[in-house]
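Biologist: I have not worked with this structure before. Could you take me through how to read its features?

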Amino acid sequence: MVVMSPSGDVAMQQRDLILWATGLMLIVIVPVIIMTLMFAWRYRASNRDAEYSPDWDHSTMLELVIWAVPLLIIIALGAITWVSTHKLDPYRPLDRIDASRPVPEGTEPLVVQVVSLEWKWLFFYPEQGIATVNELAAPVDRPIRFEITSHSNMNSFYIPALAGQIYSMAGMETKLHGVINEPGVYDGFSANYSGAGFSHMRFHFHGLETEADFEDWVEKVRDDGGELSRASYKQLAEPSQKEPVRYYADVDPGLYDAILNRCVDPGTVCMKDMMDHHGSAHTNDHDEHHDHGSHGN
């Protein structure tokens, strides 16, 4: 039911898409069902008054209706899909708070870095310097940019009231933009099966009424939070189920980047450095080959 009555503008637009697509398809489905029942009743064996036309085999008008209506519906669905696919691209920054309000100029989105673990969610707030487990918060009407990765298994980050789902994958970063328009506490979970503790891989998203309420929540995390170092992250990353909410006030500033680049362990080469090394090695090889060719000439 929350999908059909969401509290975030992106989810609201997705709900409208569902309604439009369903409505367009019902243009064909409803008449077909009605006519199926009507024909079965009218041309039943016991109805001697029904017209009997054994030689009838073609009607141009009927053919036009049968082909034109579905074709028009497909054109309409195609146009809606084309526009909405670009407009609701999860990587695209928001241009509006809701249907009647654009994003004010100069507004910076709240950045939340998301890591799916076995079987819990870790959220980094890089600008605030805090992190939480299985609890997320953001002020109402403030655009949010989620940067999402995974420690190991592929999962799917999903808050139905806020926006659509998007996958989290180890060594990769996906993005999702959204905004919550009504204060409240909303359910978030993984929408992609990932093993034994998947059923309990849930968290609460708090839509807070004002920026001041959000600052109060941040202060609460700072007051109650512990330390999240690379060593404590390794412990947290161990598989566990029904993990309680945890707060971290002292967070290793490079931890999310290390998780994304698969180099949390000391001495491990980060993926981005590995790619830079391969890229520069390939360039050097190409230059040497070019030089040899030049000397030959």
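Modeller: We will go through annotated spans, salt bridges, a charged patch and some backbone angles. Keep in mind that this is a predicted model.

Biologist: Which residues does UniProt place in the feature "transmembrane region"?

Modeller: The UniProt record, an unreviewed entry, gives that feature at residues 17–41 and 62–83. In the model, residues 17–41 are 100% helix and 0% strand, with end C-alpha atoms 36 Å apart. Residues 62–83 are likewise 100% helix and 0% strand, and there the end C-alpha atoms lie 32 Å apart.

Biologist: How many salt bridges does the structure hold?

Modeller: Side chains of opposite charge can pair when their charged atoms come close. The structure holds 13 salt bridges. One of them joins the side chains of Asp98 and Arg101, at 2.7 Å from N to O.

Biologist: Is Asp98 buried or exposed?

Modeller: Asp98 counts as buried because its relative accessibility is 17%, under the 20% cut-off.

Biologist: Where does Asp141 lie?

Modeller: Asp141 is in the loop between strand E6 (135–139) and strand E7 (144–150). Its relative accessibility is 25%, so Asp141 counts as partly exposed. Its phi is near 65 degrees, a positive value in a residue other than glycine. Arg262 also has a positive phi, near 60 degrees, and sits in the loop between helix H5 (255–260) and helix H6 (271–296).

Biologist: What separates Glu219 and Arg222 in helix H3?

Modeller: About one helical turn, because the two are three residues apart in that helix. Their side chains meet in a salt bridge, 2.8 Å from N to O. Glu219 is partly exposed at 36%, and Arg222 is partly exposed at 33%.

Biologist: Which residues gather in a patch of negative charge on the surface?

Modeller: Glu209, Asp213, Glu215 and Asp216 form that patch. Glu215 is found in helix H3, which spans residues 211–224. With a relative accessibility of 38%, Glu215 counts as partly exposed.

Biologist: Which peptide bond is cis, with omega near -10 degrees?

Modeller: The bond from Glu118 to Trp119. Trp119 lies in the loop between strand E3 (110–117) and strand E4 (120–125).

Terms used. Residues are numbered from 1 along each chain as its sequence is written. This is a predicted model: local features need pLDDT of at least 70, side-chain atom pairs count only at pLDDT 80 or more; totals for chains, interfaces and linings use all residues. Side-chain values use heavy atoms; hydrogens and water are left out. Patches are made of residues with over 30% relative accessible area and no salt bridge: like charges are joined within 9 Å, nonpolar side chains (Val, Leu, Ile, Met, Phe, Trp, Tyr) within 5 Å. Accessible areas come from the Shrake-Rupley method with a 1.4 Å probe; for residues, only the protein chains shown count as cover. A salt bridge is a side-chain nitrogen of Lys or Arg within 4 Å of a carboxyl oxygen of Asp or Glu. Lys and Arg count as positive and Asp and Glu as negative; His and the chain ends are not counted. The place of a charge is taken as NZ of Lys, CZ of Arg, CG of Asp or CD of Glu. Helices (H or I, at least four residues) and strands (E, at least two) are DSSP runs, numbered from the N terminus. Buried means under 20% relative accessible area, exposed over 50%, partly exposed in between (1.4 Å probe, protein chains only). UniProt positions are given in the numbering used here, feature names are shortened, and annotations may be inferred rather than shown by experiment.
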